[in-house]
Amino acid sequence: MPGTLYIMATPIGNLEDMTFRAVRILGEVDLIAAEDTRHSLKLLNHFGISKPLTSYFDHNQKFKGERILQALRGEKNVALISDAGTPCISDPGFNLVRAAVAEGIAVIPIPGPCAAITALSGSGLPSDTFTFVGFPPARQGKRRTFLNAMAPLPGTLVFYEAPHRLEETLRDIREVMGERQVVVARELTKIYEEFIRGTVGEVLAEVAQGKVRGEVVILVAPGEAPQENALPLPELLERLLNDEGLTVKDAAKKAAEITGVPKNAAYAEALRVRNGGTEC
Ligand code: SAM
């Protein structure tokens, strides 16, 4: 029987967020694969765990992944941890999990902290539907293309971002998506934890003062449903007459205000729409 691969979440700042189960399993496995062994040693020392450690990070994952698979084939149990939070979530792990699954090796995730979910749960933004989009591209051109593709998605958008790119990314969000509500969740679970809420412009004003430091998650509220003024005149009139039940006169007046079309033209069109599209 091959060993088991445990995908182990660890704290994103506050060590009290380590779960009992995580501590127990880390104490039981044969090998711990960590993104940065020196960083993880501090965590392991804190919980009195002493186990063989090996590194597994972006640039050695092909070679190290094979070594870890060999250990698993040799009936060793292995725990994978990242520097903070849940492995595989904008952190290494996916390739190893995929390879283990392909070989029929048992993969057991040990849930715990994740900055995206922690930020969303405290943001006050809609959480019934959301999309985690990871890190936006670092270069502005690619970032704007990326943001354009994300803009029409339903629900809240959750981004990771490096602190030194926070301001430029917020500027691009405003440029591409308009004045949406956003939340910047910073230093989650740590002493200076803070949620900065407002329109993109308001949050940008605060960020531009240079006082927003530390790790951040950006959350962007869903875009508005298509605006009435974006509708062609006949559809707008149809909505005003049939859905809102306005009279021809009132519908024409409102449509003229929304679209800027002359009142008499809006009135003629409203009559036409009311008569099922036939000229009167
Ligand atoms: N795997 C991790 C997780 O489950 O959250 C994420 C790792 S990713 C390399 C690092 C990014 O996560 C940071 O750039 C930041 O966007 C976010 N992050 C991690 N810890 C955070 C914290 N304490 N407060 C706010 N954001 C955090």
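Analyst: The second largest pocket has a lining of 14 residues, and those nearest its centre are Pro11, Gly13, Leu15, His39 and Asp83. A pocket here is an open set of points on a 1 Å grid over the protein atoms alone, where a 1.4 Å probe fits with protein on both sides within 12 Å along at least five of seven lines; lining residues have an atom within 4 Å of a point. Keep in mind that this is a predicted model: local features need pLDDT of at least 70 and side-chain atom pairs pLDDT 80 or more, while totals for chains, interfaces and linings use all residues. Residues are numbered from 1 along each chain as its sequence is written, and side-chain values use heavy atoms, without hydrogens or water.

The pocket holds about 260 Å³ of space, a volume being what is filled by probe spheres set on grid points joined across faces, edges and corners. Its lining is made up of 5 nonpolar, 5 polar and 4 charged residues. Nonpolar covers Ala, Val, Leu, Ile, Met, Phe, Trp, Tyr, Cys and Pro, charged covers Asp, Glu, Lys and Arg, and the others, Gly among them, are polar.

Let's turn to helix H2, residues 37-46, where Ser40, Leu43 and Leu44 are buried. Buried means under 20% relative accessible area and exposed over 50%, found with a 1.4 Å probe on protein chains only. Helix H1 (20-28), E2, E3 and E4 are what the buried residues of H2 pack against. Helices (at least four residues) and strands (at least two) are DSSP runs, numbered from the N terminus.

Helix H3, residues 61-73, also packs against strand E2 (31-34), strand E3 (53-55) and strand E4 (78-81), through its buried residues, and its partners include strand E1 (4-8) and helix H4 (94-102). The buried residues of H3 are Gln61, Lys64, Gly65, Ile68, Leu69, Ala71 and Leu72. Their arc is only 155 degrees, so they lie on the same side of H3. Lys62 and Phe63, on the other side of H3, are exposed. Just after H3, glutamate 75 has a positive phi of about 70 degrees.

Now back to histidine 39: glycine 155 lies 116 residues from it in sequence and 35 Å from it in space, C-alpha to C-alpha. Glycine 155 sits in the loop between helix H6 (140-150) and E7 and is buried, at 11% relative accessibility. Its contacts (heavy atoms within 4.5 Å), leaving out residues up to four places away in sequence, are Thr129, Val220 and Pro222. Arginine 180 touches Val220 and Pro222 too, and its other contacts include Ala151, Leu157 and Thr199. Arginine 180 is in the loop between helix H7 (166-177) and strand E8 (181-186), and its relative accessible area of 10% makes it buried.

Finally, there is the largest pocket, with a volume of about 450 Å³. Of its 23 lining residues, Ala84, Ala115, Phe135, Tyr160 and Glu215 are the closest to its centre. Strands E7 (156-161) and E10 (216-220) each give at least two residues to that lining, which divides into 13 nonpolar, 3 polar and 7 charged residues.

Conventions:
Arc of directions from axis to C-beta.
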